[in-house]
Amino acid sequence: MSTTQSERLRELLEPLVTSQGLDLEEIEVDSVGRKRVLRVVVDSDTGADLDQIADVSRALSAKLDETDAMGEGEYTLEVGTPGAERPLTEHRHYVRATDRLVKFQLAEGGELVARILKVDDEGIDTEVPGVKGRKATARRLAFDDIVRARVQVEFSRKDNKKEEEA
C-alpha cells in the first residue's frame, strides 16, 4: 500500500504539532516554479498566537532538516492558521465556531446562514437571523444534513454582552 507525501509528512509532523498544544489541520505541498512550498495549517480551541506559530515552525523545520521527507530539492516551509473564513470539516471545527455565523450548504439543497449556538455528537443547534424586523428562529441541523460549512466574516455584529451592560 503506497502512501502519499502528504500522508507521510502528516505522520512525521503531527506529533510535533500536538506536543506544542496545537492541532495539525492541513498539509499541502505545492510546486512554485522550481521550488516547492510546504504549507502547514495549525489551530487550537483557543487559537494560535504568533509565538506558538514561530515555535512550531522552528520545531517542524528542525525535524524536516533531519529527515529526507521533503527530498533533496529546495522548499519553503509556511506555517499558519486556517483564517477567518475557514471551512468546517471536523467536529472540533464546529465547536470552535460556536457563536459564529456560518454558511451551510445543505444535503436537501439550498443554503442556510445561521449562528452556531451549541454542538453535540449528533449535530448543531443554530439561530437563523430574522429578516426585515422578524425575530431569529432556532433550527437543529444533523451533521448528515450538512454538505459544506464555512465561517462567515462579520463586520457589523452587535455584541450582545455590551448591549446587556448598557
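**Close-up views of a predicted model**

Asp23, Glu25, Asp43, Asp45, Arg86, Arg92 and Arg96 are linked in a network of salt bridges.

**Figure 1. A salt-bridge network includes Glu25, Asp43, Arg86 and Arg96.** Arg86 forms a salt bridge with Glu25, and the closest N and O atoms of this pair are 3.8 Å apart. The two residues belong to distant parts of the chain: Arg86 is in the loop between β3 and α3 (91-96), whereas Glu25 is in strand β1, 61 residues apart. Both Arg86 and Glu25 are buried. A salt bridge also joins Arg96 to Asp43, with the closest N and O atoms 3.7 Å apart. Since Arg96 lies in helix α3 and Asp43 in strand β2, the pair ties together parts that are 53 residues apart in sequence. Arg96 has a relative accessible area of 19% and is therefore buried, because the class covers values under 20%. Asp43 is likewise buried, with a relative accessible area of 9%. For the model, the count of salt bridges comes to 19.

**Figure 2. Strands β1, β2 and β3 form an open sheet.** The three strands follow the order β1-β2-β3, and their pairing is mixed. Strands β1 (23-32) and β3 (75-80) stand at the edges; each has a single partner strand, so one side of each is left without a neighbour in the sheet. On average, neighbouring strands of this sheet are turned by 15° against each other, direction ignored. Strands β1 and β2 (residues 35-43) run antiparallel and are joined by nine bridges. Within this pairing, Val42 in β2 is the bridge partner of Leu24.

**Figure 3. Helices α1 and α2 lie across strands of the three-stranded sheet.** Helix α1 (residues 5-19) lies across β1 and β2 and runs at about 135° to β1. Helix α2 (residues 50-65) lies across β2 and β3, running at about 150° to β3.

**Figure 4. Leu60 is a buried residue of helix α2.** The relative accessible area of Leu60 is 0%, so the residue counts as buried. Leaving aside neighbours within four places in sequence, Leu60 is in contact with Leu13, Leu16, Val17, Val40, Leu77 and Val79. The C-alpha atoms of Leu60 and Leu12 are separated by 9.2 Å, with the two residues 48 positions apart along the chain.

**Figure 5. The side chain of Arg36 reaches backbone oxygens of Met70 and Gly73.** Arg36 lies in strand β2. With a relative accessibility of 19%, Arg36 counts as buried. The side chain of Arg36 reaches the backbone oxygen of Met70 at 2.5 Å and that of Gly73 at 3.2 Å. Not counting residues up to four places away in sequence, Arg36 touches Gln5, Asp30, Ser31, Met70, Gly71, Gly73, Glu74, Tyr75 and Thr76.

**Figure 6. Five strands form an open antiparallel sheet.** The strand order is β7-β6-β5-β4-β8. The edge strands are β7 (137-142) and β8, each of which pairs on one side only. Neighbouring strands of this sheet are turned by 40° against each other on average, direction ignored. Strand β5 pairs with strand β6 (residues 123-128) in the antiparallel sense over four bridges. Val119 stands opposite Ile124, a residue of β6.

**Figure 7. Arg115 and Glu154 form a salt bridge.** The closest N and O atoms of this pair are 2.8 Å apart. Arg115 counts as buried at 11% relative accessibility, whereas Glu154, at 30% relative accessibility, counts as partly exposed.

Conventions
Residues numbered from 1 in each chain as written. Predicted model: local features only at pLDDT ≥ 70, side-chain atom pairs only at ≥ 80, totals over all residues. Heavy atoms only, no water. Pairing = 2+ DSSP bridges. Axes fitted to C-alpha atoms, helices over the stretch in contact; angles between N-to-C directions. Contact = heavy atoms within 4.5 Å. Buried < 20%, exposed > 50% of the residue type's maximum accessible area, 1.4 Å probe, protein only. Salt bridge = Lys/Arg side-chain N within 4 Å of Asp/Glu carboxyl O. Polar contact = N/O pair within 3.5 Å; in protein donor to acceptor, adjacent residues only side chain to side chain.
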